[in-house]
Each structure stands twice: as C-alpha cells, then as structure tokens.
Amino acid sequence: MLAAAVALASTAAAQDETPVPDGRAAAIEQAQAQKAAHLHEFEPNKVEKFLDQVEQTLLSGGIHFHPFFDSALAGGGFTLGAGYGRHVSSYNIIDIRGSFTFKGYKRIETAFLAPRLFERRGSLLLVGGWREATQVGFYGLGNENTSKNDRANYSFKQPYASGTLDLWPTRKLLLLRGILDVAKWDVGAGKGDEPSVDQVYTPQTLPGLGATPTYVHSQGTLALDSRPGPGYARRGGYYGISFSDYHDQDGLYGFRRTDYEATQHVPLLRDAWVLSFHGEAQLANAANNQTIPYFMLPSLGGGSSLRGFSSWRFRDRNSLLLQAEWRVLANRFLDMAVLYDAGRVASRRSDLTTAPLKSDYGLGFRFHGPLTTPLRIEFVKSNEGLALVFSSKAAF
Amino acid sequence: MTRTLRLAVVAAVTAGTLVSGAGTRFFGDDPLGREPESRDASRAKPTDIGLLYEISYNLFVTQSRQPSNTRARNVNTIDEVPDSSWFTNRILPRTISAADLVRGPNVGAPPNPDRWVITREKSAGASPGFTATDAGGETWFLSCDTPGWNEGASASTVVATKIFWALGYNQVETFITRIDRSRLVIGDKATVKRPNGKRTPMSADDVSATLERCARSADGSYRVTAGRLLPGKVLGPFRYDGTRPDDPNDTVEHQHRRELRALRVFGAWTNLSDLKAGNTLDTLVEIGGKSVVRHYLQDVGSTFGIAPPQGPRDWDDGFEYFYEGDPLLKRLASFGFALSPWQTGHYTVYPSVGRFEADNFEPRAWKPHTPTLAYLEMQPDDAFWAARRVAAFDDATLRALAHTGQFSDPKAEAHFADVLIQRRDKIARTYLPAVNPIVEARLSAAGELNFENAATWANAAPAPSGYHARWFQFDNATGETRPIGDTRAAGLAMTAPGALPSSAGNMVQIDITAEGNAPAAWQKPVHLFFRRSADGWTLVGLDRER
C-alpha cells in the first residue's frame, strides 16, 4: 500500500508538474490550499433532506394530515381514514378526521384536545361527530346458548358529542376522569350476508329491538395509574373503577353500569420478558322499570377483548374478561407476545365466576415506540376458529 | 494539482508514505507534532444533522458496511496522532498532574449561582434544564439530575468531561453547581418553543414543568451541571464520515481519523453509548489572525451507568445497537430464552451511579446505540493506540477523577471508580497484546536501544522470553536497506551489533519481534527508523507490520 501511494503521488505530480512539497507540514498545507480553492457548503442528499423535513415537521407542530384508523365501531373490518389536525394555541389542537371501511362503516368527527390544563394537572377532550355502522353482529344473549352461526346484524347511525376531562391531582398515579356525552342511537336493519336482527327477533324476544334512544351518558372514574403510558408499557399498573349512568331521554332504556378494571405489567429478566395481566368486569343494571337494549349490553369478542372470537360475539348484562400475556422483547421496537384470554357474559353476576369461561390463545407481534403501539398483529385461536387481529392500539 | 494527487497526498501525508522530490521517505520535520491548519476557514457555514436521518443511516446503512481496512490517515510517522483542532495529546506522552486532571478543561471560574436568569429553554441534550446567565452575567447551559437518580447525570457528565479532556478531546468547561428556585428568574426575553412551533414568553409554569423533571435535594435546591458557552461561532455537529466541504483544513476523512476511530475504545471504557454526530460540535474560532474550525465532543453526559433523562441506562445499552437483525431473530425464535449477556449480569446499583458494571463487559463486544463509520473503521493499531491511553490512567488518578463527581455516598464513589478500573484493565488486556506492543523506542548515541512493551507494562500480558532485533542501515532517498546484524535480549534493552553510522543525516532501521511464548501478533516486526543528528539518534518512524 505504501509503495502504491508513493507511486501514485509521484506519477500524478509528474503529470501536472505540481511541486512536491519539501516537508510533511508543507504537504498538508498544500492539500489544504488545494481544498481551499474548491470549498462549498455542505449539501445533504435527497434522503437526508426528506428525513430532515419529516423530523422538522414532527417537531415543529407542522404536521397536519395524519392517518386515522378508528372505525365507526369495532368489527367494521379494515379501516381507512385520515385526519387534519391543527394547533389553535400553543398546546391545544383541533382535529377533523374521518374513516370508512369496506363494510360501509363511516365516521366523521371533530375533536378538540386541550392537553395542558390546571398547570398540567388536567386535559380536556371534546368530540362531536357522526358515525354509521352497517352490520354489527348480534349472536343472542349469554355464553352457552349462542353460536357463531346465530349471527344476525343490525345497523345504526349516530350523531354524538362528548367531553372527557382527565385530572391528575398529584400529577401522577391518581387519575380522576369525568365523561359527559350525548348520543342518539338510530338503530335499524342490518346489512351483510347474515339476516337482520328484525328478521330473527321480535321486540318481545329481544329487549330494545326497534328502540332509538337518545342517551345522556355521564361517567366518573377513579383510578391509580402507574404505567409510563397507556399506549405501551412494560411496567406499572392501572387499577380503576368507573360508574356510568346512561340516561334515556324517553325514560325507557336507561341503565347504570359499573366497570372494574385492573392491569399489571411485571417485567422479568431486565425487561426482556413482561408478564402482563388484565382484568375487567362490567356490571350493568337497568334503571327503574326500564330496559337495557341489546345493543348497549356489555359484550366480549373482538381484537381488544376475547380476541379469538368475533366482535360483539357475547352480550349480556354482565361481563368478565381476564387476559394474560407473556411479552418477549425482541428489540426496542418490536415485542412478541403469547396471549391468553378468558371471559364470559352472564345475566347474573354470580355466574361470572361460577360458570365456565370462554377462552382463546394466540401469538402476537407489536411494533411500538416508548409510549405507543402503532401496529399490533395477532393470530388468535378459539374453539370458533382462528382470528387475525390488526390494531393500531395496545392490547391493554 | 489533480484530484488524484490531492487524494494521494491526503492519504499519505501524515502516514509517512509521501516522498519528496528527491524520493526520501522521511521529511526533515518528521515526526509531525502538530497538524497544521494553514487556511482561513471563515467561509464555513453552520450545518446540522437530523436525529432521524443519522439514526436511520447508521442503523440501516453504516451497520451493513464492511471496514475498508485502511490505516488511519492522520497519524504521523511514529504512529501517533499529532495535535490538531480535533485533538491534543495529553495523558500519555506527558504526565498530567493530578491537579490538572481534576481541573480538566475548566480554565475559567465556576458559575456564580447566587442568581440565575433564564434566557431560554435548554436546546441540546435530553436532560431537563435551562440556558441561563449566572450572577456574573455569564451564559451557561444547565442540566439537572433525574428524580430518583440524584447526582447521577451531573456526576457522570463532570467525570466524563475530565476523562475525555485528558484523553485529548476538546471539551466544554463543565461544573457542578446548584439552582435555588427562589434565586431563579425568567429573563425578559426568555421564550419557549411550543408544540405548535411558535416561540412564546416563558412562564413560571414552564419553569415548574422543567424543575418537576429534576431531582431535588433535601434543602430544596437542584444540583445541576453548568456547561460554559463555547467561544466562537457555532457551526453545528461534525460527522463521523467524510470531511467538511467548507473547511479547507479538514482534509482527512473523519472515518480515517484515529482519534475518532478510537472512540470505540474510549466509548467502551466509559460506556459512551450515545455516540452520534448530534453530540458533537464544531465552532469557528480566531487563531493567529485566521478562522479555524475547532471540533468538540460536546455531550458526554450519557456515559457510565446513567442515561439522562430516564435515569439508569437501558439494560441493553452498550451491548446492542438500537436495531440488530441477529439478536432480534434469536429472541423471536427462542421466545426470549436465548439470553443475552445484559440479561444475566449482576449490577450493584447506586442512584448516583446507575447501571455500570465490569463483569460482563467485553471491550470488543461493546456497542453504541448506532454505529458510526469511524467506529467501524477502527483497526488494531488504532485500538492499541487508544488502549495505551486508557491504561495510562492509574488507579489513583481514576479515584481522583471519580471524586470530582461529588458523590455524597462514598460507597457509590468507590464502586464507580472500581468499575472504571476493572473496565480499564479489560481494555488493556484486550487491545494491547493484539499487536506488537513495542513503544517508546530510544537509541543512544552509543548504540544502546531501549524500548517498552506497552502490554507488559500494563500487566495486560506476560513478558515474552526475549526480543529479536534486526539492524539495517536505511537509505532515506531510495528506501534501500543494508543489514548491519542481529541482536537478541531477554529484556527491553540491547546494544547495536556493530558500529552505527555517526554522521548527521544517516539513518538506521531496526525491526523488533518478540520471541518464545509471545502472542502471534508480536512475531510481526515493529519497524523503527532512527535519524542521526549531532545530538544523537532521533526516532522518526515506527511502523507496526499488519
């Protein structure tokens, strides 16, 4: 190598008669003089320019258009959507967004988020919109007496408006949440391959069939939340209780519901593994002399509860869901999980714990950031078949 | 000069490969002690490198590149790095007093914390903090510790700053000081960049939001590091590959600068895992009537066991890149049962030290978050050069440096120093015996040759049974050699086999290998070149055969 470099230098020097320097420092200075004649500003390549632009856009609040994958209701199938968000002040955002699915589910809404209230002890989310679901599954009430072949469909169109106020009085751990929303349920015949609910049931056999209630829903939640974030966590837990009142303006279909929820993540072996547990019970009671319509009953099934079963597969007055995951850290951005879900619905609360549970198991992959899970893919097996779950949210 | 010649000159200029018009191998000014910066660089413009681009490029492009096996191009003819705007020889070629080491880069007075006036939010680094002026009106960059990990970030930053200064890098003057909330005021022009991209006046709540992310001491104050504003015009980070196209003095591609390659060793020692361009800084300063670009390792706070602002570093920090295909597949295939070393090692954790250990530390296996090209290009002789400097920190020195971290828990300080010492020894044992470790050769006028073995000096390898030297007359004009004879010795000294030329300008070449049970690398000769002057023999060349 040394000989080659020497020969190269000598030959080149001979060709253009450049004087060869007489000292090491002089040689360096000669090279510097040559470079000085060809100085130019640094010019990033196209890829760098593009990624810099992306980064600047993300950091400067300049990002406006964004994908939106929330469908009108779970079970709508693959969802396409987009939103346009814009800061209206230093921190507050207005976001207009919409989505649709190939089953005809539609959602359009405007959201206002104030994430920094009360000296960073609270946030407020206001949402107003309209949605339509064309073929929501209904399989009958209860666990044992229903089959996936019993599916009937209903549809609904719904204008809605809601406000959610989160308060963190101690800035962390203790969460107080209040929700107030108004929604009109314009429920009708279902579309799709399965029969419509009104072809299978009558108002006498299915509570709430034909009802179009308008609910004023108020909810209060008290929780302890020690997770780094609800979108992705490898440690910490969430323990909360929520009380909801669904007030029907016509006094026919009002009810109350109590939700108990617990989540705990237990890291093992330096976070390489995480044992994650989640339990949730929903207990609904009809208001005096009123009825809980079938489409408002607690339910299980779908990509965020009993994942091996179809969305809305089980419905009844009470539900219990137990989930466990063994999460394996593949690297900082990808987790794999072996998952197990069990749960049931029941008309009597005592049956939640005494009767057999429906269960499923599966394997999942999660692409995540430090606090978010943009993509969750799961293969889940139940006695009703194999389900493929795609989601842009964490399982729990 | 053609581009071809320019490249050849750049490639050869400090590596001892350039010949003069007369064809001599060594110039009269060899070995070069300082890399000249002859041209005015005032046209250099500020540049930046985006985090997204740098991380993506390093993980998905640089990681897949193969090293070029190129010898470092900024070494002089005796295989050392000359002083430059990048690097200043400090710890090895000369003895640094304990006082100098403890002082480090700090030549000015510490900040006066009687009053802090915030001028804006902290713009660099992940630690919470402020840019503020002290009671004396001087600007400082303040960074605080993570709650629950009190003293950790500040101790790491201060100790690392002094270590990297001693190793030869330009460092920011950094002090540990305090913020008292009652003496902290918001400057009239202080602003904060909001999520909407706009700057608005800083509020008291903004200050509270920052301080809530800072560890608070028992007396209510906040311990912080204060970095002095660098002199000159800020030009942004330097890159670990290529050169600055607007700096005429920057002629050696950065991936071929030994001091940047050597960060693989220094980074391993100190766990400087956040090794990225974003943590470097170029400034334009006036020296001798012209503008020169000076290069800084600006942010060495993510070192040892702490990774601000999260507190302790992640478990896999120093063991894996952010993304690597093999470990990922291995874990997926085994459901995580294929355990990595970072999952099983023992840590003694102190809040002020974080996760810093030596038992599972393997210098060759150490990895930063993302690989730089300079990191990949490191050659065994670069690693040897770096390891000599690491080994030059004796135990007492390291304990004195640890003490500058102002740990309130003596056990934490002792543990910190112990780990540094153990990691130092592992680096020495890994890299010093990996090449023929002959150094510091001296030839007396009487023909007495003395040298050192860097590996045995550092107790990194047993001494060989002996050394063998082949002596030659060396013709600097033609490169031809004429044998003088062979000598052997059991120790680190031997006498010339015959009379050496005595007139000024004559040169001898001595090839030294180790004998007996020495490692294979020691059988490859080190070529020493001495030039005769009226005063005796001067070492002008040292080549470690590869």
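Colleague: Which residues touch the most other members in the largest nonpolar core?

Modeller: First, a word of caution: this is a predicted model, in which local features need pLDDT of at least 70 and side-chain atom pairs count only at pLDDT 80 or more, while totals for chains, interfaces and linings use all residues. Residues are numbered from 1 along each chain as its sequence is written, chains are lettered from A and ligands numbered from 1 in the order in which they are written, and side-chain values use heavy atoms, with hydrogens and water left out. Now to the core, which has 100 residues: Phe164(B), Phe266(B), Phe393(B), Leu432(B), Leu449(B), Leu528(B) and Phe530(B) touch the most other members. A nonpolar core here is a set of buried Ala, Val, Leu, Ile, Met, Phe, Trp, Tyr and Cys residues joined through side-chain atoms within 4.5 Å. Buried means under 20% relative accessible area, exposed over 50%, and partly exposed in between, using a 1.4 Å probe and protein chains only.

Colleague: And which element gives the largest share of this core?

Modeller: Helix 13 (residues 410-431) of chain B, with nine residues. Helices (H or I, at least four residues) and strands (E, at least two) are DSSP runs, numbered from the N terminus. Another core, of 31 residues, lies apart from it and includes Leu73(A), Tyr160(A), Tyr201(A) and Tyr246(A).

Colleague: How do helix 12 and helix 13 of chain B cross?

Modeller: The axes of helix 12 (residues 395-403) of chain B and helix 13 of chain B come within 9 Å, crossing at roughly 140°. Axes are lines fitted to C-alpha atoms, for helices over the stretch in contact, and angles run from 0 to 180 degrees between N-to-C directions. The two helices are therefore oblique to each other; under 35 degrees counts as roughly parallel, over 145 as roughly antiparallel, 65 to 115 as roughly perpendicular and the rest as oblique.

Colleague: What about helix 7 and helix 11 of chain B, at what angle do they pack?

Modeller: About 40°, with the axes of helix 7 (residues 263-270) of chain B and helix 11 (residues 380-391) of chain B 8 Å apart. On the helix 7 side of chain B, the contact (heavy atoms within 4.5 Å) is made by Val265(B), Phe266(B) and Trp269(B).

Colleague: Is helix 7 of chain B mostly covered or mostly open?

Modeller: Mostly covered: eight of its eight residues are buried. Just after helix 7 of chain B, Asn271(B) takes a positive phi of about 60°. With a relative accessible area of 5%, Asn271(B) is buried.

Colleague: Switching topic, where is Thr348(B) found?

Modeller: In the loop between helix 9 (341-344) and helix 10 (373-377) of chain B. Thr348(B) counts as partly exposed, at 33% relative accessibility. Leaving out residues up to four places away in sequence, Thr348(B) touches Gly354(B) and His415(B).

Colleague: Last one: which residues does the cis peptide bond with omega of about -5° join?

Modeller: Asp30(B) and Pro31(B). Pro31(B) has its place in the loop between helix 1 (3-12) and helix 2 (51-60) of chain B. The peptide bond from Pro308(B) to Pro309(B) is cis too, with omega near 5°. Pro309(B) sits in the loop between strand 11 (306-307) and strand 12 (311-312) of chain B.
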